[in-house]
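This report concerns the ligand site and selected strands of the structure shown below.

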Amino acid sequence: MLLEQVEYVRPETVGDALEILASDDGAAPLAGGQSLVNVLKNRVASVDVLVDISRLAELSSIARTADGGLSIGACVTYDALDRSPEVRASHWILGDVAGHIEDQQIRNKGTIGGNCCLSDPTNNLPPILVALGAVMELRSRSGERSVPAADFFKGYFATALEPGELLVSITVPPMPEHSGAGYASLAVGADAKALVRAAARVTLDEGGTTIAESCLVLARVAHVPVRDAEAEARLSGADATEEAVRAACAGVADGMQPIADVHGSSEYRRQMAKVMARRAVVQAIAAARGSRNGSTAGGK
Amino acid sequence: MTITSAPVTGEATKTWSGRAMPRKEDRRLVQGQGSFVDDGGMHGQGYAWFVRSPYGHARIVSIDCEPALSMEGVYTVLTGEEAKAMCEAPFFAIAPPPGSLMQEWPLAVGKVRYQGDAVALVLADSRETARDAAERVVVEYEPLPAVTDGVAAADPTAPLLYDEAGTNVVWHGVFDYGDVDWALENADHVVKLDRLHFHRFSSTPLECNGAVVDFDHGTGVVSVLSNYQMPMFAAMVIGPTIGVPINKFDFVTKDIGGAFGLKIGFFPQIAALALLSKKAGRPAKWTEFRTEHMLTAGHGNERTFVDIEVPVMADGTILGVKARAFDDAGGYLHYEPLGAVIWSQVVPGCYKLKHVRVDYTEVVSNKCPVTPNRGYSRMQHLWMIERIIDVVAHELGLDPVEVRKRNYVQPEDYPYETPNGCIYDSGDLPRSLDIALELAHVDEWRARQRELGTGSGRRIGIGIGSTLDSGTNNFGQSRIINPELPFSGNGEVAIAKLDLFGEINVNLGTTPQGQGHETTASQVAADILGVTPDDVTVSTGFNQANNAYVGFSGTYASQFAVTGLGAVMGAAQKLRHQIVKLAAFALHAEEDEIELVGGAARVRGDEERAIPFIGLANMVYTNNAGLPSELLSECDLNARYVYVPPFEVPDTVAKTGNLTLTYASQVHVCVVEVDEETGEVKILDYAAVDDCGKRINPLVVEGQVHGATGLGIAASLYESLDYDESGQLEEPSFYEYHVATSLDIPNIVCGSIESPSPFTPNGAKGMGEGGGAPLHAVCSAIQDAIGAGGPIVTDSHNHWARVYEMLHRAPGAPRNVEVISRSGGSDTDVKSL
Ligand SMILES: Cc1cc2nc3c(=O)[nH]c(=O)nc-3n(C[C@H](O)[C@H](O)[C@H](O)COP(=O)(O)OP(=O)(O)OC[C@H]3O[C@@H](n4cnc5c(N)ncnc54)[C@H](O)[C@@H]3O)c2cc1C
């Protein structure tokens, strides 16, 4: 590693970490380091003090909330999410998405908090967390606040975090009855960055034939995960069939200007957003009907 | 990826040669005990870091080294101007004018010509300090307009990289064989394609470049510990530039983590490090980082073919091809324009094309310099030929299998002389194709393809790639580029030695990078010397002090099985001869009575009369009083042999001659499923049939096939190096450049046939490069999936968006192809063509 000179501290408690972060403008939390260290290595950003929070027990647990949801510590790794029976029991898809991030080495180190706080539009977890209605629990020396995931991501590498503030945990509400989630991505290669992705959560009516309510989130069509409210409106009350979903998703991403790069034009990504949206919703429907609370076919 | 092998044809041998043995070197390599260049070092060394241009094309206005020099731990900084002042001449130019006017020095002088061009070199007491210091070297640039397209670069109005040359065209030549105009006039059909583009990519070695270089002021010796794959080429290029004679170089290589030809390109870095060491008075160690590698270490040749015309008879006989080719060498000429002739080793591809004219232009552009890259220069041409075969079949409604079989060089045609005088040594392409079709279950997939029909959103495509891996170059072909060049023929060296205690040691002139030379060389030597491969120690890598080299030494261009093992055979036989002579003397027997068994010499039929190798070594090295002096002078137990393949100097005017000794063939069949909604291509079945003559070690051959197949699939679907208009590389790291992993590469089923080469000492042919068959096969499969009447696959790289575009192109949109048919067909007798 060819970093610039940087100081490193490993506080014993979250409180100590917050003290250091508050007292030094140049301090930054170090979680899994899977992005931050690369960023420092490439010298596109510089940090004076790395505050290593990765071993804080308080940030590393997964707990069941009273209402049956999950409270996931910010420093829970992708691998821990993947292998957690708690996560799989209530939010299968979250484990599945985490279990498909890059390779095992990265999954051993990368954390759910880091994945969100970086706010890299290619990251896997933000869109599914928005789709699941997760809430980000933030803490600073001056107190705590909760920010819905949908409001947390502010832009390319920008979040709602204030200086000196830590993401301590993420609360994921329980999946309503008759609901399921889906996740579909298009990537250049098996473990490559996604070109476009979509995450969806749907709740079906009692009989399981129509869509009662849905949340459809697109990623990589903009700098942050975006909900497609119009498509959601078209989905609500629609038949829970592939054809109906296809019709509802036909207008997805229209009017958006996804980035263009060597892997595909803006127009290509717009078209792919429709396809991924449909696939995610169809998966979510299947999951809602099945015993599982999330899809198995999510992957990247 | 899982690997399945078809049963190996050919019976088990009693010899070590021919056996599918695991590689000797793997024990240390898989246990992390390999020794690579970055593992090495020299006493007192500093660490070097290059200051590189962020611009694709710019004038260097000024360089201020002071801020770097004032840092603690910085030894020195070398700038381009300073380096030039220490040099006697620019690097030797392969091209005649105007290419020779495009001079290169160890570091950029006056201007930078591609993003990453090196303008200065820092030496410091640690890598970290060197890097920090490099950031503090202040370079002022004046950006210039860039040219990043090979065809545009040839235009006289394009921005010039080298004002001195007055053009970006490095070399231009017309390769004209048979009578293509006549063929075009007399053919039943002429298929015309306006453009085919072979993209840039790299074989991405696991290990990047690296070198530790010491300029010893006392002796004048320049020691170079590196992973450079053709050391004496570097010595010959660098020596006259930095004023060092060959015998004052000490090139050493150890384990090399892949090279693929790319590691021929970094001689300027070695030269710069030598000058840096000279200036600093201490060794300089440089380890290239990945992004640096991707920006600067060398890319494969990018070639655009335009105005392609193919004369075809009604029965599918293809008479030839006419095309113009533009090859883009990037900012400097590191081995170029040799690529401009190397493709002509395979002018007609696998086919009996008789009339070929290629008007070939090589240009410089504001991109990373190209280097040889696995399949070097032939792959580009062979891809064009394979595209033509498919397009002809596609457009004329013929079966691509039948078109290939009709036009293939047939088994009975060998040795087959191509229109430009190359001799294809042996092969059986129709049989290779049949095996490949079977191994890839093509009949079943055709049925499945019909079943799927429209509306499923999925399409199946079946593609074929027939290709050649021409090996053992006749370097005389370089004179077709420049008749003044003092090169022809080829050669390689091995030294076989019986050491003091009777150990067998083999030194090679090669620089293995994963090809298993230690294994195959010991198999060959073991057979000749009556021992097991474990008894033969083959030293790792190249060491100039061993004196096992000629000017061609190294590992490149599919030739070790012929030149390297030819040399090992010769050296081992020479040593055997000496051993037999000594043993006959010691055992009071006739030489023809002596046999070598189990590390001893004995009298045939009288096993008690034997002497172990240690006894023979003792006689020569440590106990020689009283032995006849003729015996001692003939038997020094240190046998050096130079294998030289039989070649003539080509005709540089007609551009004809035998350019390579062997032609291994590969026929690959690829079955893909294309997702109509996204353009994603998934490989469902893949078969690779290799014919490289006699295989010394089938396992090593299969390993090479897997590697070449993986790289080719990766290039065809995932990997491409593209520049924007200002000369910025769009994929400078693995975030953007998706290197295919085992998750992307399908199960590869290997088959083989053995058509021994009549021209080589062992019937073997070089086969490591592999001729780019996967690029041909994947493009062919995508074409098949698109179906009749659809767009033509015109690019060698087909990422999802491109496939999607082809699947969804509006009906009536340009198809890049045109067929002109002569009414009523012709009554010309095909046979007479
Ligand atoms: C080669 C490679 C490819 C990758 N590809 C992908 C991919 O395709 N998809 C994907 O999702 N991931 C991918 N990752 C992993 C991913 O980028 C990182 O794991 C993730 O973005 C950061 O998580 P981390 O725990 O490593 O955080 P770090 O790198 O330690 O930190 C990232 C940022 O978040 C801040 N931060 C971290 N934790 C907190 C917190 N609790 N509160 C406040 N701020 C915090 C840090 O200060 C830093 O700015 C890849 C990683 C690598 C190395």
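## A ligand site shared between chains

In this predicted model, the ligand is surrounded by residues from chains A and B, so the site is shared between chains. The shell comprises 30 residues, of which the closest are Pro29(A), Leu36(A), Tyr78(A), Thr111(A) and Asn124(A). By class, 15 of the shell residues are nonpolar, twelve are polar and three are charged.

Within chain A, both domain 1 (7-52) and domain 2 (57-172) give residues to this shell, so the ligand lies between them. At least two shell residues come from each of strand E2 (27-30), helix H2 (36-41), helix H6 (112-118) and strand E10 (166-172) of chain A. H6(A) supplies the largest share, with four residues.

## Polar contacts and burial of the ligand

An N or O atom in the side chain of Tyr78(A) is 2.6 Å from an oxygen atom of the ligand. For Asn115(A), a polar side-chain atom lies 2.9 Å from an oxygen atom of the ligand. The side chain of Lys193(A) places an N or O atom 3.2 Å from a nitrogen atom of the ligand. Of the 970 Å² that the ligand exposes when taken alone, the protein buries 91%.

## An open sheet in chain A

Chain A contains an open sheet of four strands in the order E11-E12-E13-E14, with antiparallel pairing. Strand E11 (179-187) and strand E14 (226-227) of chain A stand at the edges with a single partner strand each, so one side of each has no neighbour in the sheet. E11(A) is joined by nine bridges to strand E12 (residues 194-204) of chain A, and the two run antiparallel. In this pairing, Leu186(A) has Val196(A) of E12(A) as its bridge partner.

## Two covered strands in chain B

Strand E14 (residues 302-312) of chain B is mostly covered, with ten of its eleven residues buried. Nine antiparallel bridges join E14(B) to strand E9 (residues 189-198) of chain B, and six antiparallel bridges join E14(B) to strand E15 (residues 320-328) of chain B. Thr304(B) takes part on both sides: this residue of E14(B) is the bridge partner of His197(B), and Thr304(B) also stands opposite Phe326(B) in E15(B).

Strand E11 (residues 222-226) of chain B has five of its five residues buried. In a regular strand, side chains alternate between the two faces of the sheet. Both faces of E11(B) are covered, with Val222(B), Val224(B) and Ser226(B) buried on one side and Ser223(B) and Leu225(B) buried on the other. Strand E10 (residues 210-215) of chain B pairs with E11(B) in the antiparallel sense over five bridges, and Phe215(B) has Val222(B) as its bridge partner. The hairpin of E10(B) and E11(B) has six residues between the strands, and there Gly220(B) takes a positive phi near 80°. E11(B) also runs parallel to strand E12 (residues 249-252) of chain B, to which four bridges join it; here Val224(B) stands opposite Phe251(B).

## A buried arginine in chain B

Arg28(B) is located in helix H1 (residues 26-30) of chain B. Its relative accessible area is 15%, which is under the 20% limit, so Arg28(B) counts as buried. The side chains of Arg28(B) and Asp255(B) are joined by a polar contact of 2.7 Å.

Conventions. Residues are numbered from 1 along each chain as its sequence is written. Chains are lettered from A and ligands numbered from 1 in the order in which they are written. This is a predicted model: local features need pLDDT of at least 70, side-chain atom pairs count only at pLDDT 80 or more; totals for chains, interfaces and linings use all residues. Side-chain values use heavy atoms; hydrogens and water are left out. Buried means under 20% relative accessible area, exposed over 50%, partly exposed in between (1.4 Å probe, protein chains only). Two strands pair if DSSP finds at least two bridges between them. A residue is near a molecule or strand if one of its heavy atoms lies within 4 Å of it. A polar contact is a pair of N or O atoms within 3.5 Å; within protein, one must be able to donate a hydrogen and the other to accept it, and residues adjacent in sequence count only if both atoms are side-chain atoms. Accessible areas come from the Shrake-Rupley method with a 1.4 Å probe; for residues, only the protein chains shown count as cover. Ala, Val, Leu, Ile, Met, Phe, Trp, Tyr, Cys and Pro count as nonpolar, Asp, Glu, Lys and Arg as charged, and the others, Gly among them, as polar. Domain bounds come from an automatic or database domain assignment.
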